[in-house]
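Please examine the sequence and the three-dimensional structure shown here. The paragraphs that follow lead through selected features.

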Amino acid sequence: MISAPIPFNEISRLSSLHDYNILYSGNETNYDEIVELASFICDTPIAYISLIDSEKQWFKAKVGIDITETPREIAFCAHAILKDDILVINDTLTDKRFADNPLVTSDPNIRFYAGAQLTTEDGFNIGTLCAVDKKPRKLTEDQLKSLKFLAKQVIRNFELRKLNSNLTKQSDELKEQNVIKDNLLKVISHDLRAPFNSILGFTELLKENINHLSKNEIKLISNSIAETSENSYELVNNLLNWAVLNQNDEKEKSIIDLQEMLKQIISVLNGLSTKKSISINTIFNDTISVKSNYDMLYSILLNLISNSIKNTHNNGEINIEIDSSTSEVQIKISDNGIGMSNKQIDKLLNANNFQINSDQKGENVTGVGFSLVKNFLQKINGNLKIDSIIGLGTTIIINLPNN
């Protein structure tokens, strides 16, 4: 037996094959009908659609055999994909490449083989449509022509399958985006209206009673206006971030120096942390980089660190650790703040919309920031875990692909 050599374009060929996402998929009627038609036209008891992966030959559809795959080294089709035209073996016992092949000397006892290449639109042979018999034979020119025509139909079906899959994926993404946009509109109509009404109410109170209020009362009202304005600004900023970054469908990636990014974020949040006398410590020795979308990762970390500051008591501490010793880059943000219950964590992680949460003062605040974090993490193929104990603090762990 002589095994087929590896094609010179193997890496690109495999990439083209995997793009169809069809390997090891379930039965589909249109492919079953094609192999039955090939068996009928060629008058052979066996026919199958064979795809050649890196180590295996796998049958997408078959008639007349029970096996679903074979090792690549014994596959007839591994030889066929090296050819530009249909490979025909009229009698395998007279061909030194196949005479002692296990598929010849034992079940299914192949004596005749005809394999028409499944050639993709970009010119790669990813498999074959085969007609097989247990006795020597010859096919007519019309039969060979029909087998090659059916092979082209297989590829057309693959292309339509891939197109349909992409359309379904795009449809699902659009549905998801529409759900998020609907929820954003709810946030805008409810959670922006309330704080602005509050600001308007306080300013009206000051305007009408400024001469009758004490300095302490004016200070209290001014502080309330400032705090409400800050929360409203953060909400608007998150909404704008989400809207702008979601316009970038390509999700461009670049090499990001995490240490430098964290320095910038900590500097931006310095006023908030200084106001509460909170120390922010970064714990990593070497420069650690990750390939990701800069704007989305910046927004994720800004939101999470800002949230930690808000939920940490005065004179508290936040530690940020980075580890790249595994196949992923791990960013751990730990605080000694108010913490959360398991029920709160579960609700936060599994919420499908922009919800309302409570801050450490028991006031209602918008969950837009965390919803944005989850949305962006999904887009950059990251994931998140939360560990927390009420009264002791919260640790948020982000894992990002290390490539």
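Is Leu163 buried or exposed, or does it fall in between? Leu163 is partly exposed, because its relative accessible area is 45%; buried means under 20%, exposed over 50%, and partly exposed in between (1.4 Å probe, protein chains only). This is a predicted model, in which local features need pLDDT of at least 70 and side-chain atom pairs count only at pLDDT 80 or more, while totals for chains, interfaces and linings use all residues. Residues are numbered from 1 along each chain as its sequence is written, and side-chain values use heavy atoms, with hydrogens and water left out.

Leu163 lies in helix H5 (residues 141-209); helices (H or I, at least four residues) and strands (E, at least two) are DSSP runs, numbered from the N terminus. Together with Leu160 and Leu167, Leu163 forms a nonpolar patch on the surface, with about 300 Å² of accessible area.

Ile49 stands opposite Ala61 in S2, and a hairpin of three residues joins S1 to S2. S2 also pairs with strand S3 (residues 69-71), again in the antiparallel sense, over three bridges. Here Trp58 stands opposite Glu69 in S3. Five residues separate S2 and S3 in their hairpin, and Gly64 in the turn has a positive phi of about 90 degrees.

The protein has eleven helices and 15 strands. Of its 403 residues, 44% count as buried.

Technical notes:
Patches are made of residues with over 30% relative accessible area and no salt bridge: like charges are joined within 9 Å, nonpolar side chains (Val, Leu, Ile, Met, Phe, Trp, Tyr) within 5 Å. Accessible areas come from the Shrake-Rupley method with a 1.4 Å probe; for residues, only the protein chains shown count as cover. A salt bridge is a side-chain nitrogen of Lys or Arg within 4 Å of a carboxyl oxygen of Asp or Glu. Two strands pair if DSSP finds at least two bridges between them.
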